[in-house]
Amino acid sequence: MNTFKISYFIMVLIVVLAIAITLSEPLRVEAKHQDKNGHQEIAATARNKGRKRIGAAMTCDKSSKVCRLKGSPGRDCCRKRCVDLRTNKLNCGRCGKSCQYSEVCCNGYCVNPMFDKRHCGGCFKKCKKGRSCAYGMCNYA
C-alpha cells in the first residue's frame, strides 16, 4: 500500500512539472496558418502578446495598399481579404466567383485540368496539335 502512494505521488509530481514547463516557455516562432478558404493569416506570438501590432487591425477594405505589401497572398481585395484573382479558386477572375470541385483557376478562368487540352494536368500545359487531354495527360492511351 505504501509503494502505491509513493508511485501515485511521483506520477502527480511529473504531470505538474510537465504542465509548469509547458506554460513557462514562451512561443518564439511566428507561424503562418491557412484558413479553410486558403487565405494566409499570421498568428500572434506569445512575446508580442502585450504589444500593439500596427497592421493587425488594418484590412484591405479600408486601404487597398495592404494587398500590395510584401508577403501578401494577392493584390486584389475580396471580402476584406487579399487574394489573387488569377489563381484563387474561390475568387477566380472576380470576387465571389468560385470554381467547381474538379476545376482550378488559371489566369482568372475556371478550367478542368483533367480534360482541357490548353491546361492539361495544370495551368498552361498545352497538348500538341491533334492530341487530346484525358485524365490530365496529353494523348492518354
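Author: One cut-off to start with: a residue counts as exposed when its relative accessible area is over 50%, and as buried when it is under 20%. Also, this is a predicted model.
Reader: Okay, so is Arg 118 buried or exposed?
Author: Arg 118 is exposed, because its relative accessibility is 52%.
Reader: And what does Arg 118 form a salt bridge with?
Author: Its partner is Asp 116, and their closest N and O atoms are 3.7 Å apart. Asp 116 counts as buried, at 14% relative accessibility.
Reader: Why would side chains pair like that?
Author: Opposite charges can pair when the charged atoms come close.
Reader: How many salt bridges are there?
Author: The count is 2. Besides the one between Arg 118 and Asp 116, there is a salt bridge between the side chains of Asp 84 and Arg 86, at 3.2 Å from N to O.
Reader: Where is Asp 84 found?
Author: Asp 84 is in the loop between strand S4 (81-83) and strand S5 (104-106). Asp 84 is buried, since its relative accessible area is 15%.
Reader: So what is Asp 84 in contact with?
Author: Setting aside neighbours within four places in sequence, Asp 84 touches Pro 73, Gly 74, Asp 76 and Asn 91.
Reader: New topic! Which residues form the nonpolar patch on the surface?
Author: Phe 4, Tyr 8, Met 11, Val 12, Val 15, Val 16 and Ile 19, with about 710 Å² of accessible area together.
Reader: Where does Val 12 sit?
Author: Val 12 is in helix H1 (residues 2-24). Val 12 counts as partly exposed, because its relative accessibility is 38%.

Definitions and conventions: Residues are numbered from 1 along each chain as its sequence is written. This is a predicted model: local features need pLDDT of at least 70, side-chain atom pairs count only at pLDDT 80 or more; totals for chains, interfaces and linings use all residues. Side-chain values use heavy atoms; hydrogens and water are left out. Helices (H or I, at least four residues) and strands (E, at least two) are DSSP runs, numbered from the N terminus. Contact means heavy atoms within 4.5 Å. A salt bridge is a side-chain nitrogen of Lys or Arg within 4 Å of a carboxyl oxygen of Asp or Glu. Buried means under 20% relative accessible area, exposed over 50%, partly exposed in between (1.4 Å probe, protein chains only). Patches are made of residues with over 30% relative accessible area and no salt bridge: like charges are joined within 9 Å, nonpolar side chains (Val, Leu, Ile, Met, Phe, Trp, Tyr) within 5 Å. Accessible areas come from the Shrake-Rupley method with a 1.4 Å probe; for residues, only the protein chains shown count as cover.
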